[in-house]
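Work through the exercises below with the sequence and the coordinates open. Each task is followed by its solution.

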Amino acid sequence: YFRVCAKPAGGPISVAANEASQAPMMPGILSTATWVNFGPQGTPGGGWLQTVNGSANGSDIGYAIARDDDASDFYVAGIFRGTGGNDDIFVRRYSPSGGTLWTKYYNGPGNGHDLARRIWVGNGQVYVVGQESRADIGQDDNLLLIKYSTAGVLQWTTTYNSPDNLADRGNGVDVDGVGIYVAGMETRSAGGVNVLAQRYGLDGSLQWTQTYDSGGSEYANQV
């Protein structure tokens, strides 16, 4: 499973991936989140490879990758398996040479399975969208939106739980000068899985929500 970062002409390609194939070479590790910076011709010779292994030596997956405004540093988001057995979110910033600049972890208040699906970087800010588990209060997954500064300082988190307390997930995020746009899915008892589109203010306040139900199961993967 991988995402590819857009590249300038002749520039490097970066990949975030779930490298289950690493398991035989790393005893006790089921899977490791891996990303590779390839050289200008798409070969690994001029680049680097980095991995993340969670404290439980479980399944760790990189879901998304982005670059900052000047196309230098890399930001990767995904999940890692902690010692408690649940999946938590990680966000990591790398230098162009592959050095780790900072890593941030997020474990939701329900201490369940949390997941980052997409990352957006720009204007000195980092936005991560995904889901957090809230079985502790009788809800399913809630859509989760997190904002960090590019220095790794947490700015705020906000969540969305649809009226029927069923699974809601954020799959895509984009940002302009006035708002944050999130796309994903919400689940309703009568309507099943529906497309979900939302706009948040830059302060994290929800400004509007729209859904689409064609009578089947629908969801949006990107904004």
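pLDDT is the predictor's confidence in each residue, on a scale from 0 to 100. The model is a predicted one, in which local features need pLDDT of at least 70 and side-chain atom pairs count only at pLDDT 80 or more, while totals for chains, interfaces and linings use all residues. Residues are numbered from 1 along each chain as its sequence is written, and side-chain values use heavy atoms, without hydrogens and water.

**Exercise 1.** Find where confidence is lowest and where it is highest in the protein chain.

Solution. Start with the chain: its mean pLDDT is 81, and 75% of its residues reach 70 or more. Next, take the strands (DSSP runs of E, at least two residues, numbered from the N terminus). Strand β1 (residues 2-4) has the lowest mean, 34, and strand β12 (residues 154-160) the highest, 98. Finally, pLDDT is below 50 over residues 1-10, a stretch with 25 contacts (heavy atoms within 4.5 Å) beyond near neighbours in sequence. Where pLDDT is low, the predicted coordinates should not be read in detail.

**Exercise 2.** Describe the surroundings of Asp68.

Solution. First, locate Asp68 in the loop between β5 (61-67) and β6 (74-81). Third, the Asp68 side chain reaches the backbone nitrogen of Ser72 at 3.0 Å. Last, leaving out residues up to four places away in sequence, Asp68 touches Asp73, Tyr75, Arg93 and Val121.

Key. Helices (H or I, at least four residues) and strands (E, at least two) are DSSP runs, numbered from the N terminus. A polar contact is a pair of N or O atoms within 3.5 Å; within protein, one must be able to donate a hydrogen and the other to accept it, and residues adjacent in sequence count only if both atoms are side-chain atoms.
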